Amino acid sequence: MIVPTKKRLTAIFTSVILLFTIIILIISYIFIHQSVMSVAKNHMKEDIRTEFLDQYKRSGIDPVSKMWGEHLFQILNPSGVVVVSSEKSVVFYPELNRGMLQKAFGGKQGFEQRNFRGTDYLISYFPIDGKYVGRAALSLEEMQKYEKNFLDLILMTLPGLFLLSYLTSRFLVNHAMEKISEFFTFQETFSSNVTHELRSPLASLKGNLEVTLRKERSADEYKDTLALSLKEVDRIIALLNNLYLLASSKFKPLDLFKNQADIVRIINDVARNYEKTMASRGIMFTLTGASGITCYCDEALIRRTIENLIDNAVKYTPDNGSISLTAEKDPKKISITITNTCKSIEKGELKHIFDPFYRGRTTKQSNIEGKGLGLYISRYIIRSHGGDIRVNNTYGNLFSLTVTIPLK
């Protein structure tokens with residue numbers, strides 16, 4: 001779904017950018033054309049005023065043809081008949097514009113553009129003295145060369161403009177769709193993992209119930225089945241709670257209910273729940289941290305984070321290993337560092353330990369139970385408090401995490 005949408009949006013953006021660019025170039029071309037014509041008209045007005053009319057007032061009509069030998073110039077009577085023509089204008093007889101001729105005899109100068117023998121000319125009709133009207137022409141050939149060069153430049157750059165528009169559109173679409181792509185990818189992964197993770201406890205629950213119902217059982221057997229079923233239901237509820245946090249993590253921080261909490265007391269309470277498990281496996285647990293290390297936080301969520309971290313450490317610590325936990329406080333934050341012995345972890349695995357549903361090679365080989373959500377959810381909780389969890393440099397068979405929580 002995302003790829004076709006990206007392609008469609010890229011095509012739309014490319015078309016819009018290219019169309020906008022073409023419109024700008026057309027406007028630029030029109031502006032250049034208008035500027036060229038304006039310059040030509042001003043040039044003709046200045047020549048007519050400073051050269052021809054001044055000479056006409058001083059010398060009369062007769063010398064005009066000789067003085068303006070290099071120019072296209074004619075003098076017309078009210079009937080439109082050419083009375084005097086410069087040497088160059090002898091064969092230059094474009095169609096007479098009687099409307100402009102009448103306006104010139106009315107005292108108004110006018111301009112028109114005509115094509116004569118394959119060349120465009122700017123022609124001006126202007127008043128002289130009431131008896132005659134002047135008609136001058138200026139070739140636009142040289143000026144049109146500049147317009148043509150500009151037009152050729154536009155045509156040559158169109159492929160480049162198209163490519164630039166496409167690349168720009170692709171960049172903008174990819175940038176704009178990045179979060180949306182992440183959401184859809186997350187949604188697909190989330191749906192797939194939810195189906196996979198729920199299938200196992202539900203299948204186990206269904207199987208236990210079906211076997212129990214096949215024949216009459218004793219009260220103790222029914223109790224055992226109900227106990228197993230309750231255990232599976234608890235697993236499903238715990239998983240759904242984790243999935244709820246997982247789904248929320250992509251959109252917003254958690255809603256926190258903060259109060260003053262004693263971090264060391266929470267750690268001791270959680271660790272006490274794992275005493276029997278650690279003792280049975282010969283795991284040595286040490287806690288370093290003065291009492292009274294408090295911060296303003298959501299106690300239930302911080303407890304859940306510490307429980308995830310200790311549970312994770314207990315699962316991955318081999319028999320007769322050790323777990324150490326240190327709590328420290330400075331003026332701005334509380335730092336909790338948990339370190340445990342473990343099997344060697346590849347650097348490539350460390351990059352993914354906070355990814356949801358990620359379970360490393362060691363986990364799979366050791367058949368350690370889990371969904372791969374503990375560290376991800378723990379980091380989500382801590383970041384919602386404004387803190388963070390980071391992996392410390394690990395050497396050999398040690399794994400270490402540090403949690404930082406702001407005091408306020």
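Me: Why is arginine 117 called exposed?
Reply: Its relative accessible area is 68%. Exposed means over 50%, buried under 20%, partly exposed in between (1.4 Å probe, protein chains only). So arginine 117 counts as exposed. This is a predicted model: local features need pLDDT of at least 70, side-chain atom pairs count only at pLDDT 80 or more, and totals for chains, interfaces and linings use all residues. Residues are numbered from 1 along each chain as its sequence is written, and side-chain values use heavy atoms, with hydrogens and water left out.

Me: Where is arginine 117 found?
Reply: In the loop between β3 (110–116) and β4. Strands are DSSP runs of E, at least two residues; helices are runs of H or I, at least four; both are numbered from the N terminus.

Me: What makes the phi of arginine 117 worth a remark?
Reply: Phi is near 55°, a positive value in a residue other than glycine. Most residues other than glycine have a negative phi. Asparagine 320 also has a positive phi, about 65°, and is not a glycine.

Me: How do you know whether asparagine 320 is buried or exposed?
Reply: Its relative accessibility is 65%. That value makes asparagine 320 exposed. The residue sits in the loop between α8 (299–316) and β9 (322–329).

Me: Why is threonine 119 called buried?
Reply: Its relative accessibility is 18%, so it counts as buried. Threonine 119 lies in strand β4 (119–127). Leaving aside neighbours within four places in sequence, threonine 119 is in contact with Arg114, Ser139 and Glu141. Contact means heavy atoms within 4.5 Å.

Me: How do you know that the buried residues of α3 line one face?
Reply: Met100, Leu101 and Ala104 are buried in α3 (98–105). Seen down the axis, the buried residues fall within an arc of 105°, so they line one face of the helix. The arc is that of the directions from the helix axis to the C-beta atoms.

Me: What covers the buried residues of α3?
Reply: The cover includes β1 (72–76), β3, β4 and β5 (133–139).

Me: Which glycine follows just after α3?
Reply: Glycine 107, with a positive phi of about 100°.

Me: What makes phenylalanine 171 exposed?
Reply: Its relative accessible area is 56%, so phenylalanine 171 counts as exposed. Phenylalanine 171 lies in helix α4.
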